[in-house]
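Let us walk through this model together, with a look at its metal sites, its charged pairs and its pocket. Please keep the sequence and the 3D view at hand.

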Amino acid sequence: MLVNLTDVFTSDGKVVEQPFSYEAKEVFFEGKGYPVKECKTGTVRISNAGQGKALVEAELKLTAAIPCDRCLREVEQPFDLHAACEVVSPERADAEALEEQAAFMEGYELNIDSLIDNEILISWPMKVLCRPDCKGLCPVCGKDLNTGACGCDTFVPDPRMAAIMDVFNANKEV
Ligand SMILES: [Zn+2]
Ligand SMILES: [Zn+2]
């Protein structure tokens, strides 16, 4: 959704608060899309911060379906987003400010969806787990170990192989 900021840029003390809906069906992280399961109506507040300047604050709660890092089961990951940034009107902005706001300002218009996309990237969890003690998949047969042991022999007697397995397991612990 686009919101024209001309009025807020030019009116001292002006504050605009309005609801917005985030229309994206997927959220993106590192080039991959994840379905949006639930998305509430957000609120954006835009306040004048001097001539040609505005403070933008947006809040939105949404839930995305992301696979568990260990067992790949779908996890409903909640996002409680609070974006805040200062924007400058195009005729007053220097090159640095223009570059900083290029992702979500189109001339005098604020693109709220882009602002939210950016906030999702910043808020992306380090780890997505279906539960804190998820046992993951067997490295040999791929069975989901949360549903029981598979009986694979994962004991590696050769010390050189053991070192390789350590590296493998360390990499698995994303
Ligand atoms: Zn899991
Ligand atoms: Zn197995």
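C68 is buried, because its relative accessibility is 1%; buried here means under 20% relative accessible area, exposed means over 50%, and partly exposed lies in between (1.4 Å probe, protein chains only). C71 is also buried, at 8%. Both cysteines belong to a metal site: C68 (SG), C71 (SG), C130 (SG) and C134 (SG) coordinate the zinc ion (ligand 1) at 2.3 Å.

A word on the basis of all this: the model is predicted, so local features need pLDDT of at least 70 and side-chain atom pairs count only at pLDDT 80 or more, while totals for chains, interfaces and linings use all residues. Residues are numbered from 1 along each chain as its sequence is written, chains are lettered from A and ligands numbered from 1 in the order in which they are written, and side-chain values use heavy atoms, with hydrogens and water left out.

**The zinc sites**

Donors are N, O and S atoms within 2.8 Å of the metal (3.2 Å for Na, K and Ca); water is not among the atoms, so sites may look incomplete. Four donors count as tetrahedral if all angles lie between 85 and 135 degrees. Here are the two ions side by side.

| Ion | Donor atoms | Distance | Angles | Spacing |
|---|---|---|---|---|
| zinc ion (ligand 1) | C68 (SG), C71 (SG), C130 (SG), C134 (SG) | 2.3 Å | 105 to 114° | C-x2-C-x58-C-x3-C |
| zinc ion (ligand 2) | C138 (SG), C141 (SG), C150 (SG), C152 (SG) | 2.3 Å | 103 to 114° | C-x2-C-x8-C-x1-C |

The arrangement around the zinc ion (ligand 1) is tetrahedral, and the site of the zinc ion (ligand 2) is tetrahedral as well. For orientation, the ideal angle for four tetrahedral donors is 109.5 degrees.

**Salt bridges**

A salt bridge is a side-chain nitrogen of Lys or Arg within 4 Å of a carboxyl oxygen of Asp or Glu. The structure holds eight salt bridges. In one of them, R45 meets E17 at 3.4 Å, N to O. R45 lies in strand 5 (residues 42–48) and E17 in strand 2 (residues 15–20), so this pair ties together parts 28 residues apart in sequence; strands are DSSP runs of E with at least two residues, and helices are runs of H or I with at least four, numbered from the N terminus.

R45 also pairs with E57, with the closest N and O atoms 3.8 Å apart. R45 is partly exposed at 36%, and E57 is partly exposed at 31%.

Another bridge connects R73 and D144, whose closest N and O atoms are 2.8 Å apart. R73 sits in the loop between strand 6 and strand 7 (74–88) and D144 in the loop between helix 3 and helix 4, 71 residues apart. D144 is buried at 18%, while R73 is partly exposed at 38%.

**The largest pocket**

Among the 15 residues lining the largest pocket, F29, Y34, I66, D69 and W124 lie nearest its centre. Strand 4 (32–39) and strand 6 (53–67) are the elements that give two or more residues to this lining.

Methods: 1 Å grid on protein atoms, 1.4 Å probe; cavity = no way out; pocket = protein on both sides within 12 Å on 5 of 7 lines; lining within 4 Å. Tetrahedral: all angles 85-135°; square planar, octahedral: opposite > 155°, others 65-115°.
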